[in-house]
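Let's walk through a strand pairing story together. Keep the viewer open and follow along.

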Amino acid sequence: MRKFRDMSKTQKIIFYSVLAIVAISLYTRREKIMEAFRGGGDTKGAGAFVQTVKVRNDSTIAEKIVQNMSIDALKRTTLTARVTARLVRLLARKGDYVRKGQLLAVLEHSQQTAAVGAARAQVVASQADSAVARARMTNARTDLDRYEKLVKEGFYTQQQLEAKRTEYTAYAANYNASRAKERQVAAELNKDISAESDYSIYAPMSGKILNHYDLTEGAMISTASNVFDIADISVFKATLQVAEKHIMSIKKGMPVILKFDAFGDKEFQARVLAIDEYIEPNTRTSKVEIILDNNRDANGLLRAGMFGTATILLKEYSNVVTIPKSAVHESENGFYVWVVSNGRVQMREVKKGIEDGEIVQITGGLVGGEEIVTVGGNNLSPNDSVSVTQK
């Protein structure tokens with residue numbers, strides 16, 4: 001102990017380093033050391049402890065596309081204010097169901113109402129002027145027709161007839177001008193009515209108000225401010241990004257199974273609505289839109305924004321060889337498994353097919369009935385003896 005205290009700092013560092021290396025070496029070889037103690041030094045006799053499973057050749061496995069997704073209403077819109085004004089009446093709030101065309105809010109519009117009233121008065125006045133001008137034009141036409149007959153009979157001169165024709169032309173021009181003004185003021189009235197309508201906000205669709213942005217009566221609303229978020233929550237949609245290699249297997253109307261975090265393993269049936277014709281060059285994927293009828297297929301349980309997974313079944317294979325994914329190891333030459341026979345293991349090269357969760361299809365190397373290592377195969381070597389702890 002005294003010698004240790006007399007060591008220099010450098011010597012102590014070297015001592016601790018050597019001690020750490022020895023400890024690490026012992027830890028990494030702990031299984032073989034324990035096997036040596038249990039087998040009286042014969043590690044081959046005791047064997048590594050592994051778990052195994054019998055290979056099945058009557059399994060069913062499915063090729064699937066599984067993706068995370070979130071749903072939104074198929075029909076959803078955000079209403080914005082077209083004008084800047086004070087909110088005087090708020091007739092709907094978050095959570096309310098509204099009908100298409102229903103009045104939702106009214107902004108201060110007294111000036112616009114006055115402008116509409118003035119425009120209506122101008123329309124009435126212009127219509128009256130047109131009526132007077134038309135009557136005068138009609139009388140002038142009657143006089144002109146009468147003079148044309150009397151000139152032929154010799155009662156009036158050609159000069160008097162031309163005077164009547166000029167008079168009629170003037171009245172006709174006056175009537176046409178009155179009608180033009182009438183149309184002008186009518187257009188102004190429509191413009192004012194349209195401007196007044198901007199101060200009333202109506203529902204463009206039937207649905208549920210998801211947000212009214214904490215609006216209160218008396219608040220000042222500016223142009224382009226969001227006022228209502230309305231969604232038809234009877235039908236939901238989600239968009240998936242499907243790899244190019246699978247896109248030709250997707251068909252419109254194909255079933256899609258949805259699971260949501262809020263409902264655990266409960267499944268909901270959706271279907272493919274549309275497939276994008278464009279392949280994104282950066283991701284080599286194409287958009288696939290799916291829909292779900294909330295009332296028919298989910299009893300109205302779903303809400304916009306819910307998160308979960310979507311699964312599309314591409315193809316199902318029956319009576320095939322499958323094994324747990326944990327049994328498959330990879331080398332530079334491909335994939336292999338450890339086959340147990342008479343208490344020892346041998347490396348068997350295999351060919352992988354599709355995967356479904358923790359199960360993988362084997363298309364070559366196994367025929368069924370073999371006992372393979374599923375746990376404890378990472379440090380094995382060919383012909384190692386093993387002790388099976390669980391099958």
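## Two hairpins in a row

Two residues link strand 15 to strand 16 in a hairpin. In this predicted model, local features need pLDDT of at least 70, side-chain atom pairs count only at pLDDT 80 or more, and totals for chains, interfaces and linings use all residues. Residues are numbered from 1 along each chain as its sequence is written, and side-chain values use heavy atoms, leaving out hydrogens and water. Strands here are DSSP runs of E with at least two residues, and helices are runs of H or I with at least four, numbered from the N terminus; two strands pair if DSSP finds at least two bridges between them.

Strand 15 (residues 329–331) pairs with strand 16 in the antiparallel sense over three bridges, with glutamate 330 opposite phenylalanine 335. Strand 16 also runs antiparallel to strand 17 (residues 344–356), joined by seven bridges, and tyrosine 336 has glutamate 349 as its bridge partner there. These two strands form a hairpin with two residues between them, where asparagine 342 in the turn has a positive phi of about 55°.

## How enclosed is it?

Strand 16 (residues 334–341) is largely enclosed by the rest of the structure, because six of its eight residues are buried (under 20% relative accessible area with a 1.4 Å probe, protein chains only). Across the 391 residues of the protein chain, 32% count as buried.

Four strands make an open, antiparallel sheet in the order 7-6-4-9. Strand 7 (200–202) and strand 9 (220–221) each have a single partner strand, so one side of each lacks a neighbour in the sheet. Strand 6 (residues 103–107) meets strand 7 through three bridges, and alanine 105 stands opposite isoleucine 201.

Notes. Buried < 20%, exposed > 50% of the residue type's maximum accessible area, 1.4 Å probe, protein only.
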